[in-house]
Amino acid sequence: MQKAIIAGALAIALVALASFAAGGARMKITSSAFQEGGNIPPKFTCDGGDSSPPLRIAEIPSGAKTLALVVDDPDAPSGLFTHWIVWNISPQTNAIAEGSAPQGVQGTNDFGKSGYGGPCPPSGTHRYYFKIFALDRELNLPSGMKRNQLDAAMKGHVVAQGELMGRYAKQKR
């Protein structure tokens, strides 16, 4: 019993440490189009208009110099697939309207394009994570950069983060 309590306490400590190391403060990112863990409406996917859903950002730390937005699918057959990356977004940004991009620098998604590329799973239901990061500095990255370059530039500069997960299964035709 004592070993179980120690193991549990150690696990909690490790999760807390990992959370702190990854930018322990939490932000909120939500959408009026779908709930956390809910289904993303087809209009925001390749089966519909492929436009970005409306997003709200809250609890941005006062010390944030800039924000970064990443949308990805960890369930893609080839591994993590990036659908949208934008950085150097003003920390005063608290909403991104449906079908629009925030003011910032657009990167290249894994479709090979700039901007939002909606969910389009080849089969089954995939999870899509809309992630927001508050950073302690602007990133010196030109437009068109890929996800790995953004991740490297953000390393050590994330002061808070949040995520919203939605699901989508391709519509049967």
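Biologist: Which residues does Ser 52 touch, leaving aside those up to four places away in sequence?

Modeller: This is a predicted model, so read every contact as a feature of the prediction. Ser 52 touches Phe 44, Trp 84, Ala 97, Glu 98, Gly 99, Ser 100 and Tyr 116.

Biologist: Where does Ser 52 sit, and is Ser 52 buried or exposed?

Modeller: Look in the loop between β2 (28-30) and β3. Ser 52 has 4% relative accessibility, and because buried means under 20%, Ser 52 counts as buried.

Biologist: On to the cysteines. How many disulfides are there?

Modeller: The general idea is that a disulfide is a covalent bond between the sulfur atoms of two cysteines. Here the count comes to one. Cys 46 and Cys 120 make the bond, with their sulfur atoms 2.1 Å apart. The link between Cys 46 and Cys 120 is right-handed, with 85° about the S-S bond.

Biologist: Which parts does the pair tie together?

Modeller: Cys 46 is in the loop between β2 and β3, while Cys 120 is in the loop between β7 (105-106) and β8, so the pair joins parts 74 residues apart in sequence. As for the surface, Cys 46 is partly exposed at 27% relative accessibility, and Cys 120 is partly exposed at 27% as well.

Biologist: How do I read the nonpolar core? Which residues touch the most other members?

Modeller: In soluble globular proteins, nonpolar side chains tend to be buried together. In this model the largest nonpolar core has 23 residues, and Leu 55, Leu 69, Trp 84 and Phe 130 touch the most other members. Strands β3 (55-58), β4 (66-73), β5 (81-89), β8 (125-135) and β9 (158-169) each supply at least two residues of this core. The largest share, four residues, comes from β8.

Biologist: What does Phe 130 touch, not counting residues up to four places away in sequence?

Modeller: Quite a list! Phe 130 touches Ile 29, Phe 34, Ile 40, Pro 53, Leu 55, Val 70, Val 71, Tyr 116, Gly 162, Glu 163 and Leu 164.

Biologist: How many residues are in the second core?

Modeller: That separate core has 13 residues, including Ile 85, Phe 133, Leu 141 and Met 145.

Key: Residues numbered from 1 in each chain as written. Predicted model: local features only at pLDDT ≥ 70, side-chain atom pairs only at ≥ 80, totals over all residues. Heavy atoms only, no water. Core = buried A, V, L, I, M, F, W, Y, C linked by side-chain atoms within 4.5 Å. Buried < 20%, exposed > 50% of the residue type's maximum accessible area, 1.4 Å probe, protein only. Contact = heavy atoms within 4.5 Å. Disulfide = S-S within 2.5 Å.
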